[in-house]
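Here's a quick briefing to read with the structure open. Take it a topic at a time and follow along in the viewer.

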Amino acid sequence: MTSETSKPEPKRLFIKTYGCQMNVYDSERMRDVLRPLGYQPVDTADNADLVVLNTCHIREKATEKVYSELGQIKKMKQASGGKMTIAVAGCVAQAEGAEIMRRQPAVDLVLGPQAYHKLPEMVARASRAAGERLETEFETLEKFDALPKTREADGPTAFLSVQEGCDKFCTFCVVPYTRGAELSRPVDDIVMEARNLAAQGVREVTLLGQNVNAWHGAAPKLEGGSEWGLSQLSRHIAKIGGIDRIRYSTSHPRDMDADLIAAHGDTPEMMPFMHLPVQSGSDRILKAMNRGHTAEHYLDIMRQLKEAQPDIALASDFIVGFPGESDQDFEDTMNLVREVGYAIAYSFKYSPRPGTPAADMFGHVPDEVATERLHRLQALLWEQQRAFNASKVGQTIKVLVTGKGREAGQMHGRSPWQQAVHFDAPEHVMGDIVDVKVVGATQNALAGEFAAVAEVA
Ligand code: SAH
Ligand code: SF4
Ligand code: F3S
């Protein structure tokens with residue numbers, strides 16, 4: 001029983017999130033788990049009682065950012081007379097463990113992505129300066145079981161983690177080491193979380209996983225009790241009252257199946273957006289990356305997706321300068337991009353990660369060469385992105401209103417294809433799905449004129 005008098009003193013919690021959407025989701029869950037202890041989120045680290053850096057280890061730059069941020073926060077801790085508790089969470093915590101506290105002694109706690117449910121206990125111990133300060137065991141299901149069953153929704157869109165970890169071991173990637181083995185959450189848990197979000201007004205859920213389309217689970221008994229994949233899970237979530245839009249991220253070409261492609265055609269709630277990283281258009285490089293698919297297999301999936309949902313927006317990730325990448329390999333990537341035509345894509349220079357097989361491969365690509373390739377690839381991808389956005393001008397589209405714009409009277413929202421859309425509209429349309437006529441497009445956003453609150457999603 002909680003009464004007014006037994007409520008804990010409010011404490012200030014600052015969480016900074018780096019990296020992927022999985023970390024964004026985890027940061028929300030850390031807020032949930034700390035709320036009963038009286039921690040209220042604040043926007044800056046100054047004067048915070050607890051600072052959590054939820055870190056990313058994917059590229060060297062991402063990791064280095066964390067250490068420079070820690071240097072700044074250390075100064076704030078000193079200014080507070082040492083009252084601030086500093087926790088490092090996420091993938092750098094998992095990969096580097098106690099090394100972090102050696103490199104930056106101001107850090108009080110280090111906890112990996114599977115240990116967030118232990119955060120309250122660890123924070124309490126740290127304040128008594130006793131007990132474990134490092135928690136990097138892999139116990140993914142325990143984490144999900146132990147986190148609070150209800151979440152506080154923040155607006156009409158929400159992430160929902162359905163799968164964690166990765167067994168693919170692409171030779172460049174740290175994720176299998178920082179997030180552990182692939183693990184799917186059970187259907188009932190996911191559905192309960194989705195219902196809870198819907199009850200709070202969430203209309204769009206993005207199902208998250210490092211290999212989200214590898215999700216699988218036993219179907220609910222009422223539904224026949226067989227094994228389900230992401231397609232059946234998505235159709236099931238689509239039936240929850242209030243949920244009008246479903247997205248999922250990120251998928252792997254090896255786990256694409258015919259039914260998931262079909263779901264894009266037969267389930268209106270399935271948003272016309274597919275993020276399917278390919279990394280390279282060269283079969284030789286794909287093999288050295290241990291991706292387990294060829295360029296042709298990938299192109300075939302993309303063609304099938306376009307057939308199932310003709311307006312689908314296609315997205316991908318690319319790495320240039322992987323060891324041994326020749327000019328011809330790079331041209332193969334450019335050709336693949338031309339053939340697919342992307343709505344959006346993320347491209348990176350290869351960054352060697354300690355402990356991964358590619359870090360020891362021969363054929364280092366000089367930085368100038370990799371930089372030049374990255375610039376050429378990005379020029380092509382951005383041209384495609386601008387063309388995709390421009391193709392929507394003149395159309396009336398359905399926009400989920402997610403917030404107020406910067407200027408008075410302005411609102412913003414998200415198109416079915418994931419672009420940000422800005423338009424003038426009354427504030428009360430917040431959270432509605434509205435008809436907006438697109439009148440302008442830039443590389444990153446659409447400008448529109450509000451037409452009406454839409455009848456259907
Ligand atoms: N699970 C997702 C993405 C994981 S990381 C997938 O399998 O597609 C996000 C992206 O970071 C990757 O798709 C890849 O393009 C990039 N990336 C991962 N490791 C990298 C490295 N060592 N150097 C450069 N980019 C990398
Ligand atoms: Fe990394 Fe490959 Fe797993 Fe994606 S599939 S998380 S790139 S190892
Ligand atoms: Fe980064 Fe970890 Fe995500 S390394 S990309 S935060 S899974």
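**A polar pair and its surroundings**

Let's start with one contact: the side chains of Ser-347 and Gln-378 are joined by a polar contact of 3.1 Å. Bear in mind that this is a predicted model.

**Ser-347**

- You'll find Ser-347 in strand β16, which covers residues 344-349.
- Ser-347 counts as buried because its relative accessibility is 11%, and the cut-off for buried is under 20%.

**Pro-277**

- Pro-277 sits in the loop that runs between β14 (273-275) and α11 (283-288).
- Which residues does Pro-277 touch, not counting residues up to four places away in sequence? They are Thr-250, Ser-251, Pro-253, Arg-291, Tyr-298, Ser-316 and Asp-317.
- Pro-253 is 24 residues from Pro-277 in sequence, and their C-alpha atoms are 7.5 Å apart in space.

**Helix α12**

- Helix α12 takes in residues 295-308, 14 residues in total, and spans 20 Å from its first C-alpha to its last, close to the 20 Å expected at 1.5 Å a residue.
- Its buried residues are Ala-295, Tyr-298, Leu-299, Ile-301, Met-302 and Leu-305.
- Look down the axis of α12 and those buried residues fall within an arc of 155°, so they line one face of the helix.
- What do the buried residues of α12 pack against? Their partners are α10 (258-266), β14, α11, β15 (313-320) and α13 (327-340).

**Ligand 1**

- There are 15 residues around ligand 1, and those that come nearest are Phe-172, Gln-210, Gln-279, Asp-317 and Ser-351.
- Gln-210 uses its backbone: a polar atom there is 2.7 Å from a nitrogen atom of ligand 1.
- Gln-279 has a polar side-chain atom 2.7 Å from an oxygen atom of ligand 1.
- In the side chain of Asp-317, an N or O atom is 2.6 Å from an oxygen atom of ligand 1.

**Ligand 2**

- Around ligand 2 you'll see Cys-166, Lys-168, Phe-169, Cys-170, Phe-172, Cys-173, Val-175, Pro-176, Asn-211, His-252 and Arg-291.
- By type, that shell splits into seven nonpolar, two polar and two charged residues.

How values were computed:
Residues are numbered from 1 along each chain as its sequence is written. Chains are lettered from A and ligands numbered from 1 in the order in which they are written. This is a predicted model: local features need pLDDT of at least 70, side-chain atom pairs count only at pLDDT 80 or more; totals for chains, interfaces and linings use all residues. Side-chain values use heavy atoms; hydrogens and water are left out. A residue is near a molecule or strand if one of its heavy atoms lies within 4 Å of it. Ala, Val, Leu, Ile, Met, Phe, Trp, Tyr, Cys and Pro count as nonpolar, Asp, Glu, Lys and Arg as charged, and the others, Gly among them, as polar. Helices (H or I, at least four residues) and strands (E, at least two) are DSSP runs, numbered from the N terminus. Buried means under 20% relative accessible area, exposed over 50%, partly exposed in between (1.4 Å probe, protein chains only). A polar contact is a pair of N or O atoms within 3.5 Å; within protein, one must be able to donate a hydrogen and the other to accept it, and residues adjacent in sequence count only if both atoms are side-chain atoms. Contact means heavy atoms within 4.5 Å. The expected span of a helix is 1.5 Å times one less than its number of residues. The arc is that of the directions from the helix axis to the C-beta atoms.
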